[in-house]
Amino acid sequence: MKTTTAGIVLLLAGIGFSSAAFAQQSTQSTTTQQTTTQKPDRATYRAAKKQADADYKAAKAQCDAANASGTAREDCRGIAKAEQRLAKAQAEAQYKDTDKNRMNASMAAAEVDYAKAKAQCDTMPAQVKETGRDVDACLSKAAATRDQAVANAKAGKKGVMSTRGDIGKK
């Protein structure tokens with residue numbers, strides 16, 4: 001009988017501890033949800049901008065170290081610079097949370113997409129480049145896509161940008 005009573009007491013104590021742990025975990029998840037919906041503080045904003053600069057310097061160094069020449073190096077640097085602008089614009093849009101900053105982030109995303117598309121056009125095979133028409137068509141399509149994305153950003157359309165669902169939301 002004593003072992004049954006002791007077992008029941010231990011079982012109830014275990015249930016008590018597990019429910020206390022569950023309550024604490026629930027409180028922590030609620031706190032986490034509340035902090036993720038708040039806008040970032042100034043230190044987070046500055047850290048994001050510094051990280052964007054560091055990422056740019058690293059990407060630029062990779063472009064230079066890749067032994068690429070001419071157009072390929074310039075395209076690589078252009079993509080790195082556009083991604084730096086995008087990261088800074090996104091940080092500012094999160095920190096300041098205004099329509100203008102969200103529009104700037106959307107426009108920066110359009111510039112990144114354009115820089116990548118332009119690099120793809122520049123790396124077309126040599127036989128295609130001989131005619132020149134395909135390269136021109138590729139560049140025209142990339143520019144038209146960028147112009148449309150910029151126009152949508154200026155018009156204030158939500159979530160219009162490529163695969164970046166976090167940009168352009170109000």
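In what order do the elements of the chain run from the N terminus on? They run α-α-α-α-α-α. The chain holds six helices and zero strands (DSSP runs, numbered from the N terminus: helices are H or I, at least four residues; strands are E, at least two).

This is a predicted model, where local features need pLDDT of at least 70, side-chain atom pairs count only at pLDDT 80 or more, and totals for chains, interfaces and linings use all residues. Residues are numbered from 1 along each chain as its sequence is written, and side-chain values use heavy atoms, leaving out hydrogens and water.

Select α3 (71-96) and α4 (99-122). Each supplies at least two residues of the largest nonpolar core, a set of eleven that includes Ile79, Leu86 and Val112. Such a core is made of buried Ala, Val, Leu, Ile, Met, Phe, Trp, Tyr and Cys residues joined through side-chain atoms within 4.5 Å. Buried means under 20% relative accessible area, exposed over 50%, partly exposed in between (1.4 Å probe, protein chains only). α4 gives the most, with six residues.

Select Glu83 and Lys116, whose side chains meet in a salt bridge (3.4 Å, N to O). The term means a side-chain nitrogen of Lys or Arg within 4 Å of a carboxyl oxygen of Asp or Glu. Glu83 lies in α3 and Lys116 in α4, so the pair ties together parts 33 residues apart in sequence.

Now pick Asp99 and Arg102, a salt bridge at 2.3 Å between the closest N and O atoms. Asp99 is partly exposed at 48%; Arg102 is buried at 13%.

**Last stop.** Select Asp64, Arg73, Glu74 and Arg77, which a network of salt bridges links.
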